[in-house]
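I have opened my notebook for a look around a new structure.

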Amino acid sequence: MNQVVIYTDGACKGNPGPGGWGVLLRSGGTEKELFGGERSTTNNRMELMAVIQALSALKRPCAVTLYVDSQYVLKGMTEWLPGWKAKGWRTAGRTPVKNVELWQQLDRLVQDSGHVIDWRWVRGHNGDPGNERADALANRGVEQALATRRAAL
(Lines give C-alpha, C1' and ligand atoms only; values in the text may rest on other atoms or scores of the structure.)
Protein backbone atom coordinates (compact mmCIF):
# COMPACT_ATOMS: atom_id res chain seq x y z
CA MET A 1 0.00 0.00 0.00
CA ASN A 2 1.21 3.49 -0.82
CA GLN A 3 1.81 5.69 2.21
CA VAL A 4 -0.01 9.03 1.93
CA VAL A 5 -0.01 11.96 4.36
CA ILE A 6 -2.98 14.30 4.03
CA TYR A 7 -3.72 17.65 5.66
CA THR A 8 -7.23 19.06 5.29
CA ASP A 9 -8.89 22.29 6.36
CA GLY A 10 -12.09 24.23 5.88
CA ALA A 11 -12.71 27.96 6.04
CA CYS A 12 -15.78 30.15 6.09
CA LYS A 13 -16.17 33.92 5.95
CA GLY A 14 -19.21 34.22 8.13
CA ASN A 15 -20.85 31.06 9.38
CA PRO A 16 -22.88 30.56 7.26
CA GLY A 17 -21.25 32.41 4.40
CA PRO A 18 -18.87 31.81 1.52
CA GLY A 19 -16.56 28.94 2.34
CA GLY A 20 -13.68 26.88 1.06
CA TRP A 21 -11.88 23.64 1.61
CA GLY A 22 -8.21 22.81 1.11
CA VAL A 23 -6.17 19.62 0.86
CA LEU A 24 -2.46 18.89 0.84
CA LEU A 25 -1.54 15.33 -0.18
CA ARG A 26 2.01 13.95 0.15
CA SER A 27 3.26 10.59 -1.05
CA GLY A 28 6.97 9.91 -1.37
CA GLY A 29 8.43 13.04 -2.91
CA THR A 30 5.18 14.08 -4.59
CA GLU A 31 2.77 16.73 -3.36
CA LYS A 32 -0.66 17.63 -4.68
CA GLU A 33 -2.84 20.57 -3.66
CA LEU A 34 -6.63 20.68 -4.03
CA PHE A 35 -9.11 23.39 -3.13
CA GLY A 36 -12.68 24.46 -3.84
CA GLY A 37 -15.49 26.41 -2.33
CA GLU A 38 -19.16 27.19 -2.10
CA ARG A 39 -20.99 30.49 -2.05
CA SER A 40 -23.16 29.71 0.96
CA THR A 41 -22.03 27.10 3.45
CA THR A 42 -20.70 26.52 6.97
CA ASN A 43 -17.26 25.85 8.37
CA ASN A 44 -18.21 22.31 9.43
CA ARG A 45 -19.44 21.49 5.92
CA MET A 46 -16.17 22.72 4.46
CA GLU A 47 -14.14 20.66 6.95
CA LEU A 48 -16.09 17.57 5.85
CA MET A 49 -15.76 18.43 2.15
CA ALA A 50 -11.99 18.72 2.50
CA VAL A 51 -11.74 15.16 3.81
CA ILE A 52 -14.19 13.84 1.19
CA GLN A 53 -12.25 15.50 -1.62
CA ALA A 54 -8.91 14.28 -0.23
CA LEU A 55 -9.95 10.65 0.00
CA SER A 56 -11.76 10.81 -3.36
CA ALA A 57 -8.51 11.93 -5.00
CA LEU A 58 -6.78 8.65 -4.11
CA LYS A 59 -7.03 6.20 -7.00
CA ARG A 60 -6.26 2.97 -5.10
CA PRO A 61 -6.26 1.80 -1.48
CA CYS A 62 -3.60 3.60 0.56
CA ALA A 63 -2.25 3.74 4.09
CA VAL A 64 -3.33 7.27 5.00
CA THR A 65 -2.23 9.48 7.85
CA LEU A 66 -4.94 12.14 7.81
CA TYR A 67 -4.46 15.36 9.77
CA VAL A 68 -7.50 17.51 10.59
CA ASP A 69 -7.78 20.56 12.84
CA SER A 70 -11.51 19.96 13.27
CA GLN A 71 -12.61 18.15 16.41
CA TYR A 72 -16.03 17.87 14.72
CA VAL A 73 -14.60 15.74 11.91
CA LEU A 74 -12.18 13.81 14.12
CA LYS A 75 -14.72 12.89 16.78
CA GLY A 76 -17.40 12.26 14.19
CA MET A 77 -15.25 9.67 12.44
CA THR A 78 -13.55 8.12 15.47
CA GLU A 79 -16.27 8.29 18.15
CA TRP A 80 -19.76 9.39 17.11
CA LEU A 81 -20.36 7.65 13.78
CA PRO A 82 -21.24 4.15 15.06
CA GLY A 83 -23.82 5.60 17.46
CA TRP A 84 -25.35 7.84 14.79
CA LYS A 85 -25.73 4.89 12.44
CA ALA A 86 -27.20 2.67 15.15
CA LYS A 87 -29.74 5.39 16.01
CA GLY A 88 -30.81 5.97 12.39
CA TRP A 89 -28.55 9.03 11.93
CA ARG A 90 -29.74 10.70 15.11
CA THR A 91 -27.61 12.14 17.90
CA ALA A 92 -27.61 10.99 21.52
CA GLY A 93 -30.18 13.74 22.08
CA ARG A 94 -32.37 12.15 19.35
CA THR A 95 -32.05 15.10 16.98
CA PRO A 96 -31.08 14.57 13.34
CA VAL A 97 -27.33 14.58 12.67
CA LYS A 98 -26.34 17.87 11.03
CA ASN A 99 -24.73 17.56 7.59
CA VAL A 100 -25.97 13.98 7.42
CA GLU A 101 -25.54 13.68 3.64
CA LEU A 102 -21.85 14.59 3.94
CA TRP A 103 -21.33 12.23 6.87
CA GLN A 104 -23.00 9.44 4.90
CA GLN A 105 -20.87 10.20 1.85
CA LEU A 106 -17.69 10.19 3.94
CA ASP A 107 -18.71 6.99 5.71
CA ARG A 108 -19.32 5.22 2.37
CA LEU A 109 -16.04 6.52 1.00
CA VAL A 110 -14.09 5.24 4.00
CA GLN A 111 -15.88 1.87 3.99
CA ASP A 112 -15.61 1.25 0.23
CA SER A 113 -12.15 2.66 -0.50
CA GLY A 114 -9.95 0.05 1.13
CA HIS A 115 -7.87 2.81 2.73
CA VAL A 116 -6.34 2.23 6.14
CA ILE A 117 -6.74 5.63 7.82
CA ASP A 118 -4.91 6.92 10.87
CA TRP A 119 -6.99 9.93 11.97
CA ARG A 120 -4.91 12.61 13.70
CA TRP A 121 -5.74 16.00 15.17
CA VAL A 122 -3.45 18.98 14.73
CA ARG A 123 -4.01 22.34 16.39
CA GLY A 124 -5.04 24.85 13.74
CA HIS A 125 -3.21 28.16 13.26
CA ASN A 126 -0.36 26.93 15.41
CA GLY A 127 2.51 26.82 12.93
CA ASP A 128 2.22 23.25 11.65
CA PRO A 129 3.44 23.61 8.03
CA GLY A 130 1.00 21.07 6.56
CA ASN A 131 -1.97 22.57 8.36
CA GLU A 132 -0.94 26.10 7.39
CA ARG A 133 -0.82 25.09 3.72
CA ALA A 134 -4.22 23.38 3.93
CA ASP A 135 -5.59 26.54 5.56
CA ALA A 136 -4.16 28.71 2.76
CA LEU A 137 -5.73 26.39 0.18
CA ALA A 138 -9.10 26.57 1.96
CA ASN A 139 -8.89 30.35 1.80
CA ARG A 140 -8.16 30.11 -1.93
CA GLY A 141 -11.37 28.08 -2.15
CA VAL A 142 -13.25 30.91 -0.45
CA GLU A 143 -11.80 33.40 -2.93
CA GLN A 144 -12.79 31.14 -5.81
CA ALA A 145 -16.36 30.93 -4.46
CA LEU A 146 -16.51 34.70 -4.06
CA ALA A 147 -15.18 35.24 -7.60
CA THR A 148 -17.81 32.85 -8.94
CA ARG A 149 -20.48 34.80 -7.08
CA ARG A 150 -19.23 38.12 -8.44
CA ALA A 151 -19.15 36.71 -11.99
CA ALA A 152 -22.75 35.51 -11.60
CA LEU A 153 -23.99 38.98 -10.59
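This is a predicted model: local features need pLDDT of at least 70, side-chain atom pairs count only at pLDDT 80 or more; totals for chains, interfaces and linings use all residues.

**Notebook: sheet, helix and pocket**

Strand β1, residues 2–12, and strand β4, residues 62–68, run parallel and are joined by six bridges.

Then I asked myself: in what order do the five strands of the open sheet lie? I read the order as β3-β2-β1-β4-β5, and I noted that the pairing is mixed. At the edges I found β3 (30–41) and β5 (116–121); each has a single partner strand, so one side of each is left without a neighbour in the sheet.

On to a helix. I found α2, residues 71–86, lying across β4 and β5. Helix α2 runs at about 140° to β5.

My last entry is on the largest pocket. How much space lies in it? I wrote down about 280 Å³. The pocket is lined by 13 residues, and the closest to its centre are Val4, Leu25, Ser27, Ala57 and Leu58. I checked which strands contribute: β1, β2 (17–27) and β3 each supply at least two residues of the lining. Sorting the lining residues by kind, I got five nonpolar, three polar and five charged.

Terms used: Residues are numbered from 1 along each chain as its sequence is written. Side-chain values use heavy atoms; hydrogens and water are left out. Two strands pair if DSSP finds at least two bridges between them. Helices (H or I, at least four residues) and strands (E, at least two) are DSSP runs, numbered from the N terminus. Contact means heavy atoms within 4.5 Å. Axes are lines fitted to C-alpha atoms, for helices over the stretch in contact, and angles run from 0 to 180 degrees between N-to-C directions. On a 1 Å grid over the protein atoms alone, a cavity is a set of points where a 1.4 Å probe fits but cannot get out, and a pocket is an open set with protein on both sides within 12 Å along at least five of seven lines; lining residues have an atom within 4 Å of a point. Grid points are joined across faces, edges and corners, and a volume is the space filled by probe spheres set on the points. Ala, Val, Leu, Ile, Met, Phe, Trp, Tyr, Cys and Pro count as nonpolar, Asp, Glu, Lys and Arg as charged, and the others, Gly among them, as polar.
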